[in-house]
Amino acid sequence: MAFRISENVEICKKQEGFLGSYYSGKVLAAVGINRYIVRYETRWAECKTRQLSEVVDADEVRPLPPATSRTNFSMSDKIDAYVNNAWRVAKVVQRLDDIRYLVRLDANGTEFQVPSHKLRIHLDWQDGRWVSPPNTNIIANRYVRMWVN
């Protein structure tokens, strides 16, 4: 998929420490046909005074996922949790109360208490469309079909 200059995207670096983390950013330029220069919204350059910009491979960039207002999740739902300035792939461990969930990050098993407004159903970007990953509950699959069709 080709992205436009200034398009808002998510970047998931394919290197240790970044796998399973989706950072919001903006496309600044295309570099040939397989790379982009992106500027992150929540990652900072070493000087800490400006947002980090870097060249990334095209397969590390995806469009923003469809917006959702879903706030009710079930145990073991595969979700993205907004933790430490990025969307991180996780699973719901427990519902703590009406608005908070205990989630476990897939990348390292760390658990966090996260409010429901910082959770979303996890979707994968494959072949130009959003799909539910395997082992996602049937309600999530119905939800994705609404956005893909």
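Predicted model: local features only at pLDDT ≥ 70, side-chain atom pairs only at ≥ 80, totals over all residues.
**Reading salt bridges and strands**

Trainee: What does "buried" mean?

Mentor: A residue is buried under 20% relative accessible area, exposed over 50%, and partly exposed in between (1.4 Å probe, protein chains only). In the protein chain, 42% of the 149 residues are buried.

Trainee: Which residue forms a salt bridge with Asp77?

Mentor: Here's the general idea: side chains of opposite charge can pair when their charged atoms come close. The cut-off is a side-chain nitrogen of Lys or Arg within 4 Å of a carboxyl oxygen of Asp or Glu. Asp77 has Arg70 as its partner, and their closest N and O atoms are 3.2 Å apart. Arg70 counts as buried because its relative accessibility is 18%.

Trainee: How many salt bridges are there by this rule?

Mentor: The count comes to 11. Have a look at Arg62 and Glu10, whose side chains meet in a salt bridge at 2.9 Å, N to O. This pair ties together distant parts of the chain, with Arg62 in strand E5 (residues 61–63), Glu10 in strand E1 (residues 8–11), and 52 residues separating them.

Trainee: Are Arg62 and Glu10 buried or exposed?

Mentor: Arg62 has 5% relative accessibility, so it counts as buried. Glu10 is buried too, with a relative accessible area of 1%.

Trainee: Which residue forms a salt bridge with Lys13?

Mentor: That's Glu54, with the closest N and O atoms 3.7 Å apart. Again the pair links distant parts of the chain: Lys13 sits in the loop between E1 and strand E2 (21–31), Glu54 belongs to strand E4 (residues 51–57), and they are 41 residues apart. Lys13 counts as buried because its relative accessibility is 10%, whereas Glu54, at 21%, counts as partly exposed.

Trainee: How many strands are in the protein chain?

Mentor: There are 12 strands, plus one helix. Both are DSSP runs numbered from the N terminus: helices (H or I) have at least four residues, strands (E) at least two. Read from the N terminus on, the elements go β-β-β-β-β-β-β-β-β-β-β-β-α.

Trainee: In which sense do strand E3 and E4 pair?

Mentor: Two strands pair if DSSP finds at least two bridges between them. Strand E3 (residues 35–44) pairs with E4 in the antiparallel sense, over six bridges. To find your way, look for Arg39, which stands opposite Ser53 in E4.

Trainee: How many residues lie between E3 and E4 in the hairpin?

Mentor: Six residues lie between them, and Lys48 in the turn has a positive phi of about 65°.

Trainee: And what about contacts between residues 24 or more positions apart?

Mentor: Contact means heavy atoms within 4.5 Å. Among contacts in the protein chain with a separation of 6 or more, 40% come from residues 24 or more positions apart.

Note on methods: Residues numbered from 1 in each chain as written. Heavy atoms only, no water.
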